[in-house]
Amino acid sequence: NHHAIIGKCGRVDSTIIPGNDFLEIEFEFENLEKFSLLWLLSFGTRKSFLDKIEILWILSQKVKVINSIESLLFIHSKYSLVTFKDLFPYPETHASSEFDFLWNVFSEQPKTWVIKPAAESFGKDVFIVKSDDKNAKALLQNMTGHDNTQYCILQEYVPEIELGEKRVLLAHGQIIGYYQRTPAQNDYRTNIHQGAQPEVCELEEKEVQLCREIGEYLLKIGAVFIGIDMVFPYIIEINVLNPGGLSTLKMLHGEDYSKHIINLLEKNPP
């Protein structure tokens with residue numbers, strides 16, 4: 001009556017260089033239950049998301065996963081930020097798959113808005129629109145789907161982000177490293193994949209305290225390695241799937257921060 005969850009596995013014996021996807025790896029099918037730790041780096045295609053989450057939850061009963069399946073499912077999307085309302089302010093935000101609802105909100109409040117998907121990465125499909133933008137209606141129609149089957153987020157724009165956004169990495173509630181991402185001159189997004197520049201920065205005590213409180217909160221649901229995107233006092237996003245940033249920290253400081261994370265997770269396993 002024993003079940004098995006099988007995956008295609010390959011052994012990596014050399015350092016992976018960012019931007020170099022070419023690795024000569026021989027893959028074989030393996031029983032994933034024989035591993036002691038699993039770190040999920042991508043959900044893959046949206047079409048198979050629920051299947052993978054449900055299989056991973058079964059697997060997590062026997063194998064430790066970074067981060068917990070609950071946190072991957074519920075914190076990965078931008079909806080979850082509303083649950084932190086007691087820790088930090090949150091810009092006015094509306095989420096819906098109904099175009100008419102979002103268009104009424106947009107039309108009745110003449111301000112700058114951000115239109116974005118709930119769970120995409122790397123700055124994909126993120127738009128800034130003003131009340132007189134003639135593209136706004138078409139963008140909202142496109143983002144909700146022409147048959148109102150796609151959810152999107154309409155959020156008040158935080159102008160402070162133009163000066164940069166801080167990425168803070170935490171492992172088991174402890175701050176490991178941080179840096180600032182400043183948008184490119186011809187862009188508004190702070191994603192490095194979209195041309196933003198990483199820079200050395202400092203954290204103020206109030207920023208340190210907020211990140212620690214968020215880290216402690218997420219530890220309760222098994223999120224042990226996270227990245228926080230912050231424009232104090234606002235938190236723009238919490239990354240629990242693949243926080244990234246380790247190669248950027250190494251580039252800025254010449255230090256491999258991954259060893260600190262590994263040490264913390266070995267002492268305090270998920």
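Helix 5 (residues 205–219) lies across strand 9, strand 10, strand 12 (225–231) and strand 13, and runs at about 140 degrees to strand 12. Helix 6 (residues 246–253) also packs on the sheet, where it touches strand 9, strand 10, strand 11 and strand 12, and its direction makes about 80 degrees with that of strand 10. Contact here means heavy atoms within 4.5 Å; helices (H or I, at least four residues) and strands (E, at least two) are DSSP runs numbered from the N terminus, and axes are lines fitted to C-alpha atoms, for helices over the stretch in contact, with angles from 0 to 180 degrees between N-to-C directions.

The model is predicted, with local features requiring pLDDT of at least 70 and side-chain atom pairs counted only at pLDDT 80 or more, whereas totals for chains, interfaces and linings use all residues. Residues are numbered from 1 along each chain as its sequence is written, and side-chain values use heavy atoms, leaving out hydrogens and water.

The sheet itself is open and consists of five strands in the order 11-10-9-12-13, with antiparallel pairing, two strands being paired if DSSP finds at least two bridges between them. Its edges are formed by strand 11 (197–199) and strand 13 (234–239), each of which pairs on one side only, and neighbouring strands are turned by 30 degrees against each other on average, direction ignored. Strand 9 (residues 165–171) and the antiparallel strand 10 (residues 174–182) are joined by seven bridges; A171 has Q174 of strand 10 as its bridge partner.

The structure contains zero disulfides, a disulfide being a pair of cysteine sulfur atoms within 2.5 Å.
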